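Visitor: I would like to learn how to read features in a structural model. Could you take me through this one step by step?

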Amino acid sequence: MFLFLIKRFGLMALTSLCLTFVVFFLTNLQPNLEKLAKTQANNRMTDEQVISWLGRNGYDRNLFLRYGEWLGVVPGWQKVADDGKITGKCAYLQRDLGYVPNYCGLMQGKLGYTSLFQSKVEEIVGRRLWLTAKLMFWVMIVMVPSALVVGVIAGMREGTRTDRSLSTFSIITTATPEYVSGVVFIVLFSSSAVGLKWFKGTATSAMDDITFANFTLPVMTMALYGMGYIARMTRASMAEVMTAQYIRTARLKGVSFRNIVLKHALRNALIAPFTVIMLQFPWLLTGVVIVETLFNYKGFGWTLVQAAGNNDIELLLSCSIAAVLVVLITQLISDIGYVYLNPKIRVN
Amino acid sequence: MAPLSWLEIFGQMFIQFTPVWIALALIFFFSALYKRKLGLYGRLFDSPIGMTGLFIVLFWVLTALFADLIVTHDPLSQVSGMKNKLPGTPVRGEEGAYYLLGGDNLARDIFSRMVMGARFVLSIAPAATLFAFMVGVTLGLPAGYFGKRLDTGLSFLANMVLAFPVILLFYLLVTPEIRVTGIPTIMAAVLFLFPIAFLMMLFQSRYYTEPAKRNLYCGITLIICLWAYSGLAFNADPLGVFYMDPNLLNVFVSVVFVNSPTVFRIVRGITLDIQTRDYVAAAQTRGEGAWYIMLWEILPNARGPLIVDFCLRIGYTTILLGTLGFFGLGVSPESPDWGSTINDGRKLLSIYPHPALPPAFALMSLVLGLNLLADGLREESLKD
């Protein structure tokens with residue numbers, strides 16, 4: 001088990017390294033850098049001015065060298081102007097530390113400086129991740145229990161009318177992406193055209209203070225899309241368990257249907273949905289980006305869109321690390337959890 | 001002229017869709033008549049779910065096909081005075097013409113845009129899914145069959161792409177700046193090679209004992225494929241038949257790239273499972289080549305789950321295309337595709353909800369139809 005974990009963590013590190021390099025490479029392509037120069041300095045710069053701006057800000061050096069700087073294995077570049085003002089990759093740390101350190105990269109726990117938000121990346125990403133974690137928490141609270149209940153009820157008596165209507169409902173929810181259901185919800189529940197002004201159409205105020213009115217729609221929108229899939233998986237696994245031999249035995253023994261479902265079937269039926277729920281996190285990540293944009297909730301997804309749209313390289317790199325880690329860690333948890341839930345499978 | 005009531009609006013729309021209804025009726029009549037001879041497709045007509053799904057999917061496919069006959073106005077032209085007008089408003093200065101579903105923010109007809117959007121989505125989504133399948137199958141079969149290093153390497157790559165949040169990948173790959181660097185062309189050049197490789201291998205492994213037949217089939221495929229390849233990937237088709245707008249190519253390639261690792265994983269899993277069957281062992285004993293076994297023994301027996309996944313994946317691709325449009329990536333601003341029209345409409349959602357809703361329902365119904373069709377197919381193919 002220990003060796004398995006070591007291997008997995010090694011693989012995770014390797015994957016993150018490759019992925020961040022891909023992101024670094026793509027954001028540092030020449031046209032992207034030119035766009036960056038134009039957005040940060042002046043939109044009407046001539047080509048020579050762009051090149052000199054890139055040179056002044058250290059973007060004209062070797063790609064691998066700069067990636068090494070970002071990792072913290074190569075000392076950051078520095079330039080001392082005539083008036084003693086220091087510019088360079090680590091210059092933003094001067095105010096806190098009183099001096100400019102040689103290394104300021106991932107290894108030193110420094111993620112860089114975002115010119116978009118005029119702040120340290122780790123502060124921005126941390127704050128935004130926390131906002132998104134709150135959203136995710138409520139989504140999970142709503143989504144998982146309702147999906148399991150729908151799936152179990154549909155699967156315990158396969159082929160009945162309840163089963164068919166619940167299955168249709170789950171198919172409809174999986175066919176409705178967030179940007180469709182979100183729009184429909186806003187029209188239904190918050191527009192003046194319909195008149196049911198129950199909830200708010202934006203969640204900006206939820207960043208400081210979550211209320212029922214401003215958080216219901218984003219949570220509903222996200223929970224609905226993920227729910228159908230989990231419910232269908234639960235239904236399939238429940239239906240399979242209900243045809244197993246030991247359920248028939250229990251039934252012939254005279255156990256009540258309620259007890260069969262709750263005591264005999266449920267535990268075995270929940271193994272498959274557990275993996276599905278864990279693997280749902282990467283999906284939720286995409287959903288977060290859409291929902292946060294739609295409802296203007298300035299969390300992690302919103303930040304990712306802003307960073308990508310403005311080619312804020314260091315912010316984007318940190319966002320991708322965070323996203324990739326979320327995906328890989330949930331994969332790991334789902335693998336380990338699966339082994340514990342299902343004694344038939346052992347890690348070798 | 002007085003604005004139309006809701007009943008009249010739906011009546012008008014029903015009449016506009018006449019070519020679709022006629023074609024649908026014909027298809028359903030003849031399919032039901034000969035359903036015993038049509039294999040899996042014919043058996044769809046035994047399952048109400050499958051039939052509903054087929055109905056919805058065919059409706060949109062035919063709508064895309066007959067879009068020119070259905071639209072009431074040019075989807076791009078703006079009529080003054082029709083900005084944000086409600087559904088059923090008569091068009092100013094035109095006798096008997098109405099904006100059936102109202103006008104959008106730029107005074108264009110929403111109904112016509114929705115219909116044209118179907119053409120956009122249905123010309124990309126199935127083709128992109130097909131290409132993703134070609135890539136996934138061509139790589140997944142050997143990964144599962146040979147295993148070892150090849151499998152480890154390819155699986156690592158696939159998992160790496162899958163670990164990327166899709167949106168981030170789109171934001172990195174679908175930008176005007178990326179188009180300047182030529183990366184989409186390189187990706188297209190690589191990804192479009194897989195279908196050619198797949199088809200060549202298919203004929204070579206089967207007919208290598210009959211060189212005459214092999215040369216004929218391989219030659220024909222090679223000529224057609226390379227012709228299409230030069231046009232689609234490099235925009236260098238000498239006859240100008242195959243052509244893809246650089247914007248479209250960028251979107252297409254990215255969607256294929258995002259989808260193929262999942263297909264790879266599915267194919268690899270199925271291959272690992274089927275490989276242990278007796279008929280594979282029999283073929284190996286007969287001394288068949290590895291590619292023959294993969295393409296002519298394993299692949300046909302994996303068709304059930306693959307067809308089902310193909311339907312689901314077209315739906316997923318439709319959602320992805322909508323997502324791209326929603327974030328305004330890769331499509332021109334006036335493009336009538338559903339994602340960008342939803343995005344345009346959402347800005348004024350609380351005052352004018354009507355521009356965003358028709359494309360939203362259209363997208364939802366198409367994906368729902370594909371999901372139902374996949375369910376029906378799964379049900380029927382399990383009956384074997």
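**Salt bridges and other features**

Guide: The side chains of Arg277(B) and Asp273(B) meet in a salt bridge, at 3.5 Å from N to O. Note that this is a predicted model. Arg277(B) is partly exposed, at 36% relative accessibility, and Asp273(B) is partly exposed too, at 43%.

Visitor: What is the distance between the closest N and O atoms of Glu288(B) and Arg286(B)?

Guide: It is 3.1 Å, and the pair forms a salt bridge. Glu288(B) is partly exposed, with a relative accessible area of 24%. Salt bridges can also be linked in a network, as they are for Glu158(A), Asp163(A) and Arg235(A).

Visitor: Which charged residue is buried yet has no salt bridge?

Guide: Asp109(B) is such a residue. The test is a distance: a salt bridge needs a side-chain nitrogen of Lys or Arg within 4 Å of a carboxyl oxygen. For Asp109(B), the nearest side chain of opposite charge is that of Arg113(B), 8.9 Å away.

Visitor: Where is Asp109(B) placed, and what is it in contact with?

Guide: Asp109(B) sits in the loop between β2 (98–99) and α6 (110–146) of chain B. Its side chain makes a polar contact of 2.6 Å with the side chain of Ser112(B). If neighbours within four places in sequence are left aside, Asp109(B) is in contact with Thr72(B), His73(B), Tyr99(B), Leu100(B) and Gly102(B).

Visitor: What span should the 26 residues of helix α1 of chain A have?

Guide: At 1.5 Å a residue, helix α1 (residues 2–27) of chain A should span 38 Å, and its end C-alpha atoms are 37 Å apart, which agrees.

Visitor: Why do residues three or four places apart in an α-helix point the same way?

Guide: An α-helix has 3.6 residues a turn, so residues at that spacing point the same way. With that in mind, look at the buried residues of α1(A), among them Phe4(A), Arg8(A), Met12(A), Thr15(A), Ser16(A), Leu19(A) and Val23(A).

Visitor: Now the two chains together. How many residues does each chain give to the contact?

Guide: Chain A gives 48 residues and chain B gives 41. The area buried between chain A and chain B is about 3,800 Å², with 82% of it from carbon and sulfur atoms. On the side of chain A, Ile171(A), Ala175(A) and Tyr179(A) lose the most area to chain B, together 15% of what that side buries.

Visitor: How many salt bridges and how many residue pairs in polar contact are found between chain A and chain B?

Guide: The count is two salt bridges. Glu177(B) forms a salt bridge with Lys35(A), with the closest N and O atoms 3.7 Å apart. Three residue pairs are in polar contact across the interface. Helix α1(A) gives the largest share of the side of chain A that touches chain B, 10 residues.

Visitor: One last reading, on distance. How far apart are Lys213(B) and Pro336(B) in sequence and in space?

Guide: They are 123 residues apart in sequence and 46 Å apart in space, C-alpha to C-alpha. Lys213(B) lies in helix α12 (residues 211–234) of chain B and is partly exposed, at 36% relative accessibility.

How values were computed. Residues numbered from 1 in each chain as written. Chains lettered and ligands numbered in written order. Predicted model: local features only at pLDDT ≥ 70, side-chain atom pairs only at ≥ 80, totals over all residues. Heavy atoms only, no water. Helix = DSSP H or I, 4+ residues; strand = E, 2+ residues; numbered from the N terminus. Buried < 20%, exposed > 50% of the residue type's maximum accessible area, 1.4 Å probe, protein only. Lys, Arg positive; Asp, Glu negative; His and termini not counted. Polar contact = N/O pair within 3.5 Å; in protein donor to acceptor, adjacent residues only side chain to side chain. Contact = heavy atoms within 4.5 Å. Expected span 1.5 Å × (residues − 1). Buried area = accessible area lost by both parts, 1.4 Å probe.
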